[in-house]
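Load the model in a viewer and keep the sequence panel open. The stops below say what to select and what is there.

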Amino acid sequence: MARFFREQDIDEFRECFYLNAKHQGTIRSLDELSLIMRSLGMSPTISELKKYLKDKGGKMTFADFLETIHTHNQVERIPEEILDAFKASDTTQRGMIPAKDLKNILAGWGEKLSSKEVDQIFREANVNVNGMINYADFVRIVCAPVPDYY
């Protein structure tokens, strides 16, 4: 499984795994698996977590965990899901959203962001607070991998 990940990613996965695997380097509970995967930025459902753990016989080594991450990355489509949500609420079907509406969404729904965090996202995405935003471009920018030089 190591061939599917960069060395830096494997190091990050290993560190997170061994910090949270409480049973001599193995995961044996949904809570542990959930914590580790969510700490790494993934969003597995409870049924996915149960399946992953069941497929490994109720306990998971680090090698099993890498395989699970690879499997999960094949099905998790966060950018597409976010884009689908924007499209579903776009009554005009123009692919645009007012920046002030996007700011309200980011600051008021789900995992609420502070005004400072929203302003930082807008700055990084080159968004004018008074303009219209092409939400497909916004999702592409926001979901892009973070460069190693940050």
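Select Ile-27 first. Leaving aside neighbours within four places in sequence, Ile-27 is in contact with Phe-17, Ala-21, Glu-32, Leu-33, Ile-36, Leu-53, Gly-58, Lys-59, Met-60 and Phe-65. Keep in mind that this is a predicted model.

Now widen the selection to the core around this residue. The largest nonpolar core holds 20 residues, and Ile-27 is among those with the most contacts inside it, along with Phe-13, Leu-33, Leu-40 and Phe-65. At least two residues of this core come from each of α1, α2, α3 and α4. In soluble globular proteins, nonpolar side chains tend to be buried together.

For contrast, select Ile-97, Ala-99, Leu-102 and Val-118. These residues belong to a second, separate core, which has 14 residues.

**The whole chain**

Zoom out and colour by secondary structure. There are 8 helices and 2 strands, and along the sequence they follow the pattern α-α-α-α-α-β-α-α-β-α. The C-alpha trace spans about 55 × 35 × 30 Å along its principal axes. Of the 150 residues, 31% count as buried. Among contacts between residues at least 6 apart in sequence, 57% join residues at least 24 apart.

Select residues 30-39, which form helix α2. Which residues of this helix are buried? They are Glu-32, Leu-33, Ser-34, Ile-36 and Met-37. The buried residues of α2 pack against α1, α3 (46-55) and α4.

Next, pick Asn-20 in helix α1. Is Asn-20 buried or exposed? Its relative accessible area is 16%, so Asn-20 counts as buried. Apart from neighbours within four places in sequence, Asn-20 is in contact with Glu-32, Leu-35 and Ile-36. Two of these, Glu-32 and Ile-36, are on the list of buried residues of α2, and Ile-27 also contacts both Glu-32 and Ile-36.

Move to Thr-68, in helix α4 (residues 62-75). Thr-68 counts as buried because its relative accessible area is 3%. Not counting residues up to four places away in sequence, Thr-68 touches Tyr-52, Lys-56 and Met-60. Met-60 is also a contact of Ile-27.

**The largest pocket**

Which element gives the most to the lining? That is α5, with 7 residues. Colour the lining by class to see 30 nonpolar, 8 polar and 10 charged residues.

While on α5, select Glu-81, which lies in that helix. Glu-81 is partly exposed, at 46% relative accessibility. Draw a distance from Glu-81 to Pro-44: the two are 37 residues apart in sequence, and their C-alpha atoms are 14 Å apart in space.

**The annotated span**

Select residues 77-112. An unreviewed UniProt entry places the feature "domain: EF-hand" on this span. Its end C-alpha atoms lie 21 Å apart, and the span is 61% helix and 8% strand.

Gly-110 is the next pick, in the loop between α6 and α7. With a relative accessible area of 66%, Gly-110 is exposed. A C-alpha distance from Gly-110 to His-70 gives 27 Å, for a separation of 40 residues along the chain.

**Two loop residues with positive phi**

Finish with two backbone checks. Select Gln-24, in the loop between α1 and α2. Its phi is near 50°, a positive value in a residue other than glycine. Gln-24 is exposed, with a relative accessible area of 80%.

Then select Gln-93, in the loop between α5 and β1. Gln-93 is not a glycine, yet has a positive phi of about 55°. At 58% relative accessibility, Gln-93 counts as exposed.

Key: Residues numbered from 1 in each chain as written. Predicted model: local features only at pLDDT ≥ 70, side-chain atom pairs only at ≥ 80, totals over all residues. Heavy atoms only, no water. Helix = DSSP H or I, 4+ residues; strand = E, 2+ residues; numbered from the N terminus. Nonpolar A, V, L, I, M, F, W, Y, C, P; charged D, E, K, R; others polar. Buried < 20%, exposed > 50% of the residue type's maximum accessible area, 1.4 Å probe, protein only. Contact = heavy atoms within 4.5 Å. UniProt positions renumbered as here; feature names shortened; annotations may be inferred. Core = buried A, V, L, I, M, F, W, Y, C linked by side-chain atoms within 4.5 Å.
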